[in-house]
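This briefing goes through the structure shown below, topic by topic. Please keep the coordinates open while reading.

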Number of protein chains: 2
Amino acid sequence: MIPEDHPRYRSLVVRERLARCAQEGIVALEGLTAHGRGEAFDYLIGEETSPGALRAERIAAALLLSAEHAVISVNGNTAALAAGLIAGLQEASGAAVEVNLFHRTSERMAKITRLLEDHDVRVLSGVPERLLPLPHDRALCLRAGIGSADVVLVPLEDGDRCQALCGMGKKVIAIDLNPLSRTARSADLTIVDELTRAIPATTRFCHELDRTEAGALSEGFDNREFLQEAIRAIIWRLEHALD
Amino acid sequence: MIPEDHPRYRSLVVRERLARCAQEGIVALEGLTAHGRGEAFDYLIGEETSPGALRAERIAAALLLSAEHAVISVNGNTAALAAGLIAGLQEASGAAVEVNLFHRTSERMAKITRLLEDHDVRVLSGVPERLLPLPHDRALCLRAGIGSADVVLVPLEDGDRCQALCGMGKKVIAIDLNPLSRTARSADLTIVDELTRAIPATTRFCHELDRTEAGALSEGFDNREFLQEAIRAIIWRLEHALD
């Protein structure tokens, strides 16, 4: 047991949950490494939601609300860290949820679907087709889901897939702690924030915004500004690191 | 299978190797997350050896060559990533190699020892004793190894253990990609470079330096300079990231 007053309590609990999910086959072992990378960037941004990230979360809510057919793409890490939070966002935004895995096996698909459904997420099902311009199984998605979505929220997504979705003309919202990643740079909107802070914040904005505000907000933002702001925050922290 | 044209191919292959070693019980699940943190910092330093890191590697070689009794402390991640490279450094430096694990079980000790020996590393054996001022099994090391070493090279070491070794008056050389970590700050010399670049570079300097040069180099360096240089390199990269 991790003592609740441990200064790294939250981070240690999360790491323990991910390790347990890896043993259960929900999180890929590669997902643990990806989480570590995220941890490093979260440390560098100060482990809190920056004002810029909060603005991006508000616009993300606006994009989800204004979409014809919004889809939240969920992978193993996202399910392990935020199944219940995804249910809340689905409820608030009306978006569909599709399971989409980099390390795709039917067993993992089933386990992750079950975990999400246990948290009251309504998960799209159907026969996946090769709809994305990517090799092998990574092209797979549902025609009624990501295949026909106009807005896709990709938390913790691989750069290739993010770019492929953008190339298909979809509006892509990424949640990525690394403001330099290909995902962060290629997405239409990047929330540089930790998943379990980003999802509830976006959910809250979905509840707050009305249709008119959402429509206005979803036009005319510059993602570069969000990335630059995140980078400046990291630089500031580094500059003061050895004081 | 990872497609060979994936822009992050090398990084994905390394991650896959670590995942395989985790399945075999060589790498701890916590080691996968730790690797991810390192990956993030390597990304930020540009995934190449900086001039500062190269100077540190030269001094590391000098320290190993000038030592009475140098020991390379090897953990699961180090063995998984660099068993063959450790053999080369042992050959060039004359250092002893001791297996030292944070998540220590006799099964993991045996597996890692076997992996190293398969790569022609001569691994110290014997009955471990509680010689480090740390709780539980983390105090364990060999009297004929780390216990009596004057110089210890700790690649990818935990902050507590690094500090404990320093506190025992040993000269500690750390290899750590995070210039802000406790390990990086407490070591006598920190190589801020990726393991599989740092070890061969240090090995090369072991071959190049003669005794007199090694003696001169091993005095009068300032580790703070190396850390500050690494932090400045990261800041520089971040400042130019969105140009």
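How many cavities of 30 Å³ or more does the structure hold? In this predicted model, the number of such cavities is 4.

**Cavities**

- The largest cavity has a volume of about 70 Å³.
- Its lining consists of Ile45(A), Ser50(A), Gly52(A), Ala53(A), Thr190(A), Val192(A), Phe226(A), Glu229(A), Ala230(A) and Ala233(A).
- Two or more residues of this lining come from each of α3 (51-66) and α10 (223-239) of chain A.
- With 4 residues, α10(A) gives the largest share of the lining of the largest cavity.

**Second largest pocket**

- The second largest pocket contains about 500 Å³ of space.
- It is lined by 21 residues, and those closest to its centre are Ala28(A), Glu30(A), His103(A), Arg104(A) and Glu16(B).
- At least two lining residues of the second largest pocket are supplied by each of α1 (9-23) and α2 (29-44) of chain A and α1 (9-23) of chain B.
- The largest share of the lining of the second largest pocket is that of α1(B), with 4 residues.

**Relation of the two chains**

- Two copies of a chain are related by a rotation about an axis and a shift along it.
- Here, chain B is superposed on chain A by a rotation of 172° with 0.0 Å of shift along the axis, at an RMSD of 0.5 Å.
- The same surface serves both copies, in that 84% of the contact residues of chain B recur in chain A.

**Helix α5 of chain A**

- Helix α5 of chain A covers residues 106-118, and its 13 residues should span 18 Å at 1.5 Å a residue. The C-alpha atoms at its ends are 18 Å apart, in agreement with that value.
- The buried residues in α5(A) are Arg108(A), Met109(A), Ile112(A), Leu115(A) and Leu116(A).
- Viewed down the axis of α5(A), these buried residues fall within an arc of 135°, so they line one face of the helix.
- They pack against β1 (70-74), α4 (76-93) and β2 (96-99) of chain A.
- Ser106(A), Glu107(A) and Asp118(A), on the other side of α5(A), are exposed.
- After α5(A) comes Asp120(A), which has a positive phi near 70°.

**Positive phi in chain B**

- Most residues other than glycine have a negative phi.
- Glu47(B) is not a glycine, yet its phi is positive, about 55°. Its position is in the loop between α2 (29-44) and α3 (51-66) of chain B.
- Glu47(B) counts as partly exposed because its relative accessibility is 35%.
- His136(B), another residue other than glycine, has a positive phi near 55°. The loop between β3 (129-130) and β4 (140-141) of chain B holds His136(B).
- His136(B) has a relative accessibility of 66% and therefore counts as exposed.

**Buried residues within helices**

- Is Asp42(B) buried or exposed? At 7% relative accessibility, under the 20% cut-off, Asp42(B) counts as buried.
- Asp42(B) belongs to helix α2 of chain B. Apart from neighbours within four places in sequence, Asp42(B) contacts Glu47(B), Glu48(B), Leu177(B), Glu194(B) and Arg197(B). One of these contacts, Glu47(B), is a residue with positive phi.
- Asn77(B) sits in helix α4 (residues 76-93) of chain B and, at 10% relative accessibility, counts as buried.
- Which residues does Asn77(B) contact, leaving aside its neighbours within four places in sequence? They are Val27(B), Gly31(B), His35(B) and Leu156(B).
- Ala184(A) is part of helix α7 (residues 182-186) of chain A and counts as buried, with 0% relative accessibility.
- Beyond neighbours within four places in sequence, Ala184(A) is in contact with Asp176(A), Asn178(A), Pro179(A), Thr190(A), Asn223(A) and Leu227(A). Among them, Thr190(A) also lines the largest cavity.
- Ala184(A) and Asn223(A) are 39 residues apart along the chain, and their C-alpha atoms are separated by 9.0 Å.

Key:
Residues are numbered from 1 along each chain as its sequence is written. Chains are lettered from A and ligands numbered from 1 in the order in which they are written. This is a predicted model: local features need pLDDT of at least 70, side-chain atom pairs count only at pLDDT 80 or more; totals for chains, interfaces and linings use all residues. Side-chain values use heavy atoms; hydrogens and water are left out. The expected span of a helix is 1.5 Å times one less than its number of residues. Buried means under 20% relative accessible area, exposed over 50%, partly exposed in between (1.4 Å probe, protein chains only). The arc is that of the directions from the helix axis to the C-beta atoms. Contact means heavy atoms within 4.5 Å. Copies are superposed by least squares on the C-alpha atoms of residues with pLDDT of at least 70 in both. On a 1 Å grid over the protein atoms alone, a cavity is a set of points where a 1.4 Å probe fits but cannot get out, and a pocket is an open set with protein on both sides within 12 Å along at least five of seven lines; lining residues have an atom within 4 Å of a point. Grid points are joined across faces, edges and corners, and a volume is the space filled by probe spheres set on the points.
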